[in-house]
Amino acid sequence: MKTLKLNTSINTLMSVLIAALVMISCSKNDDDLSTNMASYESSSKSLSDVEKNDLRFMVEKAKLMKNVYQVMHDTYQTDLFKAIANCKEKHMILFGVRLSKYDVEDPTAYMADDQFASSELQQAYDDFIAERPTDLTQSMLYLKGLEEDHIACIETSLAQIEGNG
């Protein structure tokens with residue numbers, strides 16, 4: 001009985017955590033892509049090679065996350081996972097606008113959903129498909145780690161950009 005209560009508590013906690021991450025990473029402003037696109041268009045700064053590589057990686061990272069959340073939705077039929085997958089798709093669109101503005105090739109443009117230009121992300125996706133979590137609690141813990149890694153990538157990219165600014 002204690003195990004059942006613990007699992008229920010963990011599931012509830014992880015659902016709240018993922019929902020909070022969605023609120024942070026996919027704000028209402030993402031629904032107005034034209035506003036976000038206009039802000040990208042107004043910049044006249046050119047990108048360094050580091051920034052271009054980071055941008056390519058980030059669009060692929062968003063694709064990986066979209067695919068993982070879509071698999072989770074298909075597995076558990078949870079609307080939250082579908083909403084997050086849609087959010088990640090919007091992020092891919094925004095990254096695509098940025099890539100286009102700076103004339104940087106989009107590594108996701110001609111790739112199937114299960115293919116990635118980055119060998120690191122390809123391996124992460126292949127590992128996820130081969131060893132996907134077997135229950136909702138493990139899935140939520142996996143997603144938590146994926147989101148934490150994504151935040152760390154953003155922080156690293158920002159630190160590199162600020163160091164070059």
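Helices (H or I, at least four residues) and strands (E, at least two) are DSSP runs, numbered from the N terminus. This is a predicted model: local features need pLDDT of at least 70, side-chain atom pairs count only at pLDDT 80 or more, and totals for chains, interfaces and linings use all residues. Residues are numbered from 1 along each chain as its sequence is written, and side-chain values use heavy atoms, with hydrogens and water left out.

**View 1. The overall fold holds six helices and zero strands.** Along the sequence the pattern reads α-α-α-α-α-α. The protein has 165 residues, and 36% of them count as buried. Buried means under 20% relative accessible area, exposed over 50%, and partly exposed in between (1.4 Å probe, protein chains only).

**View 2. Tyrosine 69 and phenylalanine 81 form an aromatic pair.** Rings of Phe, Tyr and Trp (its six-membered ring) pair if their centres lie within 6.5 Å; planes under 30 degrees apart count as stacked, over 60 as edge-to-face and the rest as tilted. The structure holds four such pairs. In this one the centres are 6.3 Å apart and the planes make 40 degrees, which is tilted. The pair links distant parts of the chain, twelve residues apart: tyrosine 69 sits in helix α3 (residues 49-76) and phenylalanine 81 in helix α4 (residues 79-101). Tyrosine 69 counts as buried because its relative accessibility is 0%. Phenylalanine 81 is buried too, at 1% relative accessible area. Tyr69, Tyr76 and Phe81 make up one aromatic cluster.

**View 3. Lysine 66 and aspartate 113 meet in a salt bridge.** The rule asks for a side-chain nitrogen of Lys or Arg within 4 Å of a carboxyl oxygen of Asp or Glu. By this rule there are five salt bridges. Here the N to O distance is 3.8 Å. Lysine 66 is buried, with a relative accessible area of 12%. A network of salt bridges links Lys66, Glu89 and Asp113.

**View 4. Glutamate 147 forms a salt bridge with lysine 88.** The closest N and O atoms are 3.5 Å apart. Glutamate 147 lies in helix α6 and lysine 88 in helix α4, so the pair ties together parts 59 residues apart in sequence. Both glutamate 147 and lysine 88 are buried.

**View 5. Lysine 144 forms a salt bridge with glutamate 148.** The closest N and O atoms lie 2.8 Å apart. The two residues are separated by about one helical turn, because they are four residues apart in helix α6. Lysine 144 counts as partly exposed, at 27% relative accessibility. Glutamate 148 is partly exposed as well, with 44% relative accessible area.

**View 6. Asp114, Asp126, Asp127 and Glu131 gather in a surface patch of negative charge.** Patches are made of residues with over 30% relative accessible area and no salt bridge; like charges are joined within 9 Å, nonpolar side chains (Val, Leu, Ile, Met, Phe, Trp, Tyr) within 5 Å. Asp and Glu count as negative and Lys and Arg as positive, while His and the chain ends are not counted. The place of a charge is NZ of Lys, CZ of Arg, CG of Asp or CD of Glu. Accessible areas come from the Shrake-Rupley method with a 1.4 Å probe; for residues, only the protein chains shown count as cover. Glutamate 131 is placed in the loop between α5 (119-130) and α6 (136-164). Glutamate 131 counts as exposed, at 61% relative accessibility.
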